[in-house]
Amino acid sequence: PRPVLSSAPRGGGFAKSRFILNHQVQSNPVAAPVSPCKRCNPARYLGRVAAELGADQRCVVLMTAVPMKQLVVLREECEGVWVEGFFTVGVTNAVRAGETRHPTSVKPQPGTINIILVTNARLATPAMVCAVQVATESKTATLLAAKVLSSTGSVATGTGTDAVVVASGDGPYLRYSGTHTRLGAMIGRLVGAGV
């Protein structure tokens, strides 16, 4: 088990986990007529999926409508520290931070940006939090540069269902991972390329 910090619907927050799953669901799992999520809590549903795959209950599980064949996997390494990124990106549910809701004439569409970062570095708790921050900044910068629009016509900063996972390793100890650090720079580049 490794330290993991995430906003995942199953196992979110700080956890120790051996498994991180990114589960593909239908485009609108709650509204689909035969959906396994129709009458259940997403965390419980994802727990059942994990159990069927043999993962223990301390797993971290994300959900996305992006087909897994579109999964982007990237890696960067520098001076004995590496970080790998696993990305599924959909932006049909794009929003700008601060928008309170979609206009009533626009039905929210599915779309999620899931970012999973795994490093061999043994990250202090503040470094794990900062890795999430750097990943989010890089994702947002990428969306702004691409001029992805929200349903209100504003330039989007993410989607309404994005999730980020950072898994720490047992290698070199790092107290910091901000944009001024080597790891922060690697995360920024990796996320920008992945998104």
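Student: Which residue stands opposite V60 in β4?
Tutor: I20 stands opposite V60 in β4. Strands here are DSSP runs of E with at least two residues, numbered from the N terminus. Quick background: the model is predicted, so local features need pLDDT of at least 70 and side-chain atom pairs count only at pLDDT 80 or more, while totals for chains, interfaces and linings use all residues. Residues are numbered from 1 along each chain as its sequence is written, and side-chain values use heavy atoms, leaving out hydrogens and water.

Student: OK, and how do β3 and β4 run, parallel or antiparallel?
Tutor: Parallel: five bridges join strand β3 (residues 20-24) to β4. Two strands pair if DSSP finds at least two bridges between them.

Student: Is β4 mostly covered or uncovered?
Tutor: Mostly covered, as five of the five residues in β4 (residues 60-64) are buried. Buried means under 20% relative accessible area, with a 1.4 Å probe and protein chains only.

Student: Which way do those residues point?
Tutor: V60, L62 and T64 point one way, V61 and M63 the other, and all are buried.

Student: Switching to β8. Why is it largely enclosed?
Tutor: Because six of the seven residues of β8 (residues 113-119) are buried.

Student: What does β8 pair with?
Tutor: Strand β6 (residues 81-89) is joined to β8 by seven bridges, antiparallel, with V89 opposite I113. β8 also pairs with strand β11 (residues 163-167) in the parallel sense over five bridges, and I115 stands opposite V164 there.

Methods: Buried means under 20% relative accessible area, exposed over 50%, partly exposed in between (1.4 Å probe, protein chains only). Helices (H or I, at least four residues) and strands (E, at least two) are DSSP runs, numbered from the N terminus.
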